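User: I would like to learn how to read salt bridges and pockets in a model. Can you take me through them step by step?

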Amino acid sequence: MAGMGVAALLAGCAAIDRHEAEDTEQLLAAAGFQMRPADTPAKLADLERLQQHKLVRHARDGEATYIYADAADCKCLYSGDQRNYDHFEKLRVQEDVAQQEMMAAEMNQQAEMNWEMWGPW
């Protein structure tokens with residue numbers, strides 16, 4: 001029985017990781033990052049060697065290039081320049097602020113609920 005609990009917990013964690021990766025990939029695309037599929041076995045093998053689900057800065061031809069690797073889900077690589085990275089960070093902050101505002105609104109709505117008026121549950 002404990003094994004099933006651990007399996008369910010791991011599956012839940014994997015689903016959360018997948019959701020976070022999808023959110024990040026949507027923001028990367030919105031910021032102008034280019035998605036490049038690992039459409040050959042050699043590209044997939046190279047992609048698997050990279051740090052996964054982390055935006056990593058590299059120097060390429062003397063310029064900053066940012067890489068995000070996802071070998072598990074989309075089997076793709078996102079790449080962008082400093083301008084794309086700056087836009088991504090701006091979008092990420094905007095998303096964080098929007099989530100905080102939504103949570104505050106939900107908490108305010110619950111605080112205003114008159115539970116006694118609705119009787120016992």
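**Salt bridges and pockets**

Analyst: Start with one pair. Asp-39 and Lys-43 join their side chains in a salt bridge, at 3.1 Å from N to O. Keep in mind that this is a predicted model.

User: How many salt bridges does the structure hold?

Analyst: Three. Another links Arg-92 and Glu-89, at 2.8 Å from N to O.

User: How far apart along helix 2 are Asp-46 and Arg-49?

Analyst: They are three residues apart in helix 2, so about one helical turn separates them. Arg-92 and Glu-89 are likewise three residues apart, in helix 3, which again means about one helical turn.

User: Is Asp-39 buried or exposed?

Analyst: Use the cut-off: exposed means over 50% relative accessible area. Asp-39 has 53%, so it counts as exposed.

User: Now pockets. What is the general idea?

Analyst: Rolling a probe the size of a water molecule over the atoms shows where empty space is left. Here, the largest pocket has a volume of about 330 Å³.

User: Which residues lie nearest the centre of the largest pocket?

Analyst: Glu-20, Thr-24, His-53, Tyr-68 and Arg-92 do, out of 14 lining residues. Arg-92 also belongs to the salt bridge with Glu-89.

User: Which elements give two or more residues to that lining?

Analyst: Helix 1 (2–30) and helix 3 (82–112). Helix 1 gives the largest share, six residues. By class, the lining of the largest pocket has seven charged, five nonpolar and two polar residues.

User: How much space lies in the second largest pocket?

Analyst: About 180 Å³. Its lining includes Asp-39, Lys-43 and Asp-46. Asp-39 and Lys-43 are the salt-bridged pair we began with.

User: Where does the rest of the lining come from, and what is its class make-up?

Analyst: Other lining residues include Arg-36, Pro-37, Leu-50, Ile-67 and Cys-76. Strand 1 (34–37), helix 2 (41–49) and strand 4 (76–81) each supply at least two lining residues. Helix 2 gives the largest share, three residues. By class, seven of the lining residues are nonpolar, four are charged and none is polar.

Notes:
Residues numbered from 1 in each chain as written. Predicted model: local features only at pLDDT ≥ 70, side-chain atom pairs only at ≥ 80, totals over all residues. Heavy atoms only, no water. 1 Å grid on protein atoms, 1.4 Å probe; cavity = no way out; pocket = protein on both sides within 12 Å on 5 of 7 lines; lining within 4 Å. Points joined across faces, edges and corners; volume = space filled by probe spheres on them. Helix = DSSP H or I, 4+ residues; strand = E, 2+ residues; numbered from the N terminus. Nonpolar A, V, L, I, M, F, W, Y, C, P; charged D, E, K, R; others polar. Salt bridge = Lys/Arg side-chain N within 4 Å of Asp/Glu carboxyl O. Buried < 20%, exposed > 50% of the residue type's maximum accessible area, 1.4 Å probe, protein only.
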